[in-house]
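Good morning. Please look at the sequence and the model on the screen, and I will go through a hairpin and some salt bridges.

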Amino acid sequence: MTTETKQPAWRKILSAYQKPDLTHSIFEILLTITPLALLWAGAFWASVSGMIWLAVLLCLPASVFLVRMFLIQHDCGHHAFFKSPTINNWVGRCVGILTLTPYDVWRRTHAIHHAASGNLDRRGLGAIDTLTVEEYQELSSLQKFGYRAYRHPITLFIIGPVYMFFLEHRIPSGIMKEGWRPWVSAIGTNIAVAAIAWLLVSNFGWAPLLAVFVPSVFFAAVLGVWLFYVQHQFEDVLWFRNNKWNHTEGALLGSSHYDLPQPLSWLTGYIGIHHVHHAASKIPFYKLPKVLKDHPDLKDLNRLTLWQSFKCVPLALWDEQNERMISFRQFRKQFA
């Protein structure tokens, strides 16, 4: 793939898939919110009946559909789910109450992530912090300990999701200085969530809130962060310095194709076809499989199976010289 020929070619090819279908979009919402509502209703009944174990158990499948609701919010954030920007924004804001994610704040930070994906000189907001081998070598002992602690699986996949969705999203983190609009989004979402929580607690006690909503969001947050992690933290990922970076190559080579088996692929809104999504973010998620069907050369690009994805967990440093992600153990063997 060369910058001169492939970037404009892929842009033209993928632009043909960027038109949302209203009926299909509404159908996807119904297919997602209906089982979520039924599972929550069952968990709610179990919680008020004193069967807390059953309520929490039902939260596991509910969390998967909550992730799917987040991915609808995600597509709305790209103005990919409906033709109308207004409808995209208001659907996204409403879903953001369920996902504890202030839509307008997230949309802005996620746009920054997309604008710099695969660019080694523009790492930061909206992404998992990743250091190069050289940058890690320059850290003090205390700083190295801090980075190792940050990259530990417990931090990334347990502490991190809890912090992000229950605490960090309560303020317009990262864009506090961008005027009043981010604050309206964050505070407005907080008020809506607080109102729902108050109605639940005042009418039914704490059980529905603590045994249904909180576990659902927690499990969904863990799954969501895991998906995001393997989409950009895999051995063969490529990062480019600013003078060699372009959007399409940064997208296609800096993101994975997480090839999940069905029905997991459908349940996760086909977000595993992440390299295509980054190359053309206005493609509705339900059209991503057709892109791979029509262009099979994209199917094997950065492909990760479910089993292979677990091997991505130890990866922590970008080896710029050899163009691959490595673990701390590999670092010690090669560079210590």
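I start with the hairpin of E4 and E5, which has four residues between the strands, and where Glu-323 takes a positive phi near 55°. Strands here are DSSP runs of E, at least two residues, and helices are runs of H or I, at least four, numbered from the N terminus. This is a predicted model, in which local features need pLDDT of at least 70 and side-chain atom pairs count only at pLDDT 80 or more, while totals for chains, interfaces and linings use all residues. Residues are numbered from 1 along each chain as its sequence is written, and side-chain values use heavy atoms, leaving out hydrogens and water.

E4 covers residues 315–319 and E5 covers 324–327; they pair in the antiparallel sense over four bridges (pairing takes at least two bridges found by DSSP). Leu-315 stands opposite Ser-327 in E5.

Now the salt bridges, meaning a side-chain nitrogen of Lys or Arg within 4 Å of a carboxyl oxygen of Asp or Glu. How many does the structure hold? There are nine salt bridges.

In one of them, Glu-28 joins Arg-68, with the closest N and O atoms 2.8 Å apart. That pair links distant parts of the chain, helix H2 and helix H3, 40 residues apart. Are Glu-28 and Arg-68 buried or exposed? Both are buried (under 20% relative accessible area; exposed is over 50%, partly exposed in between, with a 1.4 Å probe and protein chains only).

Glu-135 forms a salt bridge with Arg-123 at 2.7 Å between the closest N and O atoms. Glu-135 counts as partly exposed because its relative accessibility is 25%.
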